[in-house]
Structures are given as C-alpha cells and as structure tokens.
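Please read them with the structure open.

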Amino acid sequence: MIEPISGFSKLTKAEKIDWIATKYTQHPKATKKILSKYWNTDTQLQKLHDEFIENTISNFYLPLGVAPNFLINNRLLSIPMVIEESSVVAAASKAAKFWLDRGGFKTTIIGTEKIGQVHFMYTGDDSKLQKFFTYVHPILLSDSASLTKNMKKRGGGISTIELKNKTEHLKNYYQLHCTFETMDAMGANFINSCLEQFATTLKREAQKFELFSTEEKNIEVVMSILSNYTPNCLVKAEVSCPVNDLKLSKNIDAKDFANKMVQAVAIAKVETYRAVTHNKGIMNGVDAVVLATGNDFRAIEAGVHAYAAKDGTYTSLTHATIENNIFKFWIEIPLALGTIGGLTNLHPLVKLAFEILQKPNAKELMQIVAVAGLAQNFGAISSLVTTGIQEGHMKMHLLNILNQLGATETEKEAIINHFKNNTVSHSAVIDAYEKLKK
Ligand code: MEV
C-alpha cells in the first residue's frame, strides 16, 4: 500500500523523482534515466520549462512540423503545427498546395468580443435590484479604472455590463454578464481581474444601498470568471473555385468530387455521430496551431464544440455549396486567441512559431487558425470520399510501427520501399519486418 504524501510540492526535483520512481514504477533506475534523458542540457532553458507548471519532473516532447504554401488573403504563409498524429501536417500541406493554385484562402473577422460573468444570488425584489444596477454601473467602471487603463490605451477594455435575471432557471440566480475587447491578448487575466473587482464593488455597494432590506443587501457572489464560450469572437475562412477546377487527380471526376464533398458536409450537418468526427478533423488543424502558438487549446476546444451545438443540435462547423457551378467551402469558428501574454513571450519555440507566421496580431492569428481547420477538413473529407483515409494514414503510420519495432534506418528504407506497392497494415508490417530480419 502506498501512503499518501504531504508536502510533495516542497520536495526538490530529485526528491520528487525519487519518490515517484520508487513508489510507482517497477524499475526506478530506468525511470530516472528516461526522465533525465528528456531534460534539456541548457539549464536556463530547463528551468524555464520547470517553472511553467508545478511538480515538474521532465519535459514531454511533441513534434513541431510546418505546413507550407498557405495562401491566405494573398499572403503566402507556412504554418507551424504541434501534433502527435501522423497525416495531419501532410494533409494540411496538400490542401494548402491544392488551394494555392485556386486563389487560396479568404478570411474575415466577424467579431472579437470576449465574455465574463459574475454569478450571484439575490433574494428580494427584482425591481429594486434593477435600480441598484443603474446606481452601481458607473461605480463598477470607475472601480476598475486602474485595471482597464492599459487595455484602454491599446484600444480595448470593458464594452458592456448587463444585469441578467436567471431566476427562471435557478432560484435567486442573477449575473453580471460583461463583454470585453482584449485586443492582442487572449485576455483571461484581464477579464478575471475586472470581474473580481466587479464582485467586490457589487457586494460593498449593496450593503450601502438604502432601498434594499437587510436580506437584499446580502448579495451572495458565487463566482466571477470569464466564459470560454465566445460565439462573438468569430472568424470565417473560405475557399471557392469553379466545379471543373476541383480536379483532385486524374482518376477522380471534378463534378462527382464536388458533389460528394457537399454531401459529406450535409451528412455532418444532420448526423451527430458524423459531426463529432468531422469537427474532430477540423480540430486536428486548429489545435496544432493553437499549441504551436502557446495558446490554450482546452479553452478553444470547449468554446468551439459549444458553438457547434449553439442551435440545440451538435452540427458541422464547415459548410459547402455548389451554386452557379461554383464550389464554395467555408468555416465559421469562434477562436479567442492571443499573440501577447501567457506563454507567447516565454516559450522559445512559441516565439519562433510567431516569427514563422510573420508576427501576426490576434485577429490575424484567428484567421490563420481557422484556415488550418478548414484545410484539415478539406483534406480529411477529400480522402474520405475518394480513396478512404487508411491508405494515406497507414503509410504515415508505417514509420511509427517501424520505430516501435526498433528497425534500423536501412531496414526502414527497405520496408518503406516494399510498402510502396503493398497495402500497409500492422500485421503486414510486422510480417515484412520479420521476413527481412531472417
Ligand atoms: C482523424 O484524426 C480525423 C478524421 O477522422 C476526420 C474526419 O473523419 O473527417 C479523418
């Protein structure tokens, strides 16, 4: 039986490793070796990574790849992507190249509004609360002036504060529903600081408000927090071309292909099981760029999927039409991203990713990420409606299998050659490898 430990966070890194290795792993020596293998020899760099989180014992690598040839609003970009799944970068690059010759991607920012809420309980007369809100509104703004000063200078700040009566959904439940403009910052810290100040002001001023009874004065703030649901922080990315130009390869008829693409999207619109996988493919592209640029992919995932269900049914994030012989394919996706703050100025590879992306501001990053999602979806559905995904997938997966088997470079080359004309499957690779070994 392993006893719980107290004061773990106070231990040194070596002590933490020692504890975890001896208590939880079969071969402590091997555990320590593998953990140290992933440390960076540059102690400053290692310290930087150690301090991102708590109780760090090593680094966890993910590949950083690049998908070139993205023409976005007539600007040619290479997109850095951090992802562990094979085929994603290849599919993005292929889609980028395909659309490069067809005018590239066009994008539009629809909105940049962020949201935060102070959730509170009020027991009493609703009309008095409305009067209190009129009274407190300017005080909420003046009390947070020191917090908003810098953001205002950059063109952002608090946009609106609304009082919402939610008592139909939950007894006594009200909220301050606030909207913000956070410019190039993702804005979580700014928003949460403002909200916590609103909560303090709300409680303090309620105590003083003469119209309130003693009970009404005791507004109970439950929590103050930004929302990761950002339906008005929205970007659109699209591609279009004449149906006849939609020739993927000489074996595939452009018109059939265009029709199948439209049908595939139509299916994802009406069938939740398909929509989830369809959108997962989009997130392959989105998350990879979000990660490479040091943004919070959990926030993006949560917000995007909520948006996909905004009309009551979970549905496709992309749309496709054929009108007047023009194929149009587009995405509308909420992306609350930042290009300053957080990891963006800290992680050397994130800084590099921004340099590769030509130092985008937050709006430009939203557009790039939306394009990565759209390209990924185009790549996935075009494979699905033509060859199926396994062909390309297994070719990429081949290398992973060979690495797992411990194949040498020469063995890898021989086996990759063999599978140029043979179907890849896990067992077929093992067979080929064993044959080669003999
Ligand atoms: C795999 O990671 C993503 C796909 O399943 C997406 C899709 O089905 O559209 C290929």
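**Ligand site and pockets**

1. Helix 10 gives the largest share of the shell around the ligand, 6 residues. The model is predicted. Helix 10 (272-292) and helix 13 (362-384) each contribute at least two residues to that shell.

2. The residues surrounding the ligand are E85, R274, T277, H278, K280, G281, N284, A380 and L384. By class, this shell holds 3 charged, 4 polar and 2 nonpolar residues.

3. Polar side-chain atoms reach oxygen atoms of the ligand from E85 at 2.6 Å and from R274 at 2.8 Å. For N284, an N or O atom of the side chain is 2.9 Å from a ligand oxygen. The protein buries 87% of the 300 Å² that the ligand exposes when taken alone.

4. The largest pocket has a volume of about 1500 Å³. Its lining comprises 40 residues, and F52, G294, L343, H347 and V350 lie nearest the centre. Here the largest share, 4 residues, comes from helix 12. By class, the lining of the largest pocket has 23 nonpolar, 15 polar and 2 charged residues.

5. Helix 10 also supplies at least two residues to the lining of the largest pocket and at least two to that of the second largest pocket.

Terms used
Residues numbered from 1 in each chain as written. Predicted model: local features only at pLDDT ≥ 70, side-chain atom pairs only at ≥ 80, totals over all residues. Heavy atoms only, no water. Near = heavy atom within 4 Å. Polar contact = N/O pair within 3.5 Å; in protein donor to acceptor, adjacent residues only side chain to side chain. Areas by Shrake-Rupley, 256 points an atom, 1.4 Å probe, with all protein chains shown as cover. Nonpolar A, V, L, I, M, F, W, Y, C, P; charged D, E, K, R; others polar. 1 Å grid on protein atoms, 1.4 Å probe; cavity = no way out; pocket = protein on both sides within 12 Å on 5 of 7 lines; lining within 4 Å. Points joined across faces, edges and corners; volume = space filled by probe spheres on them.
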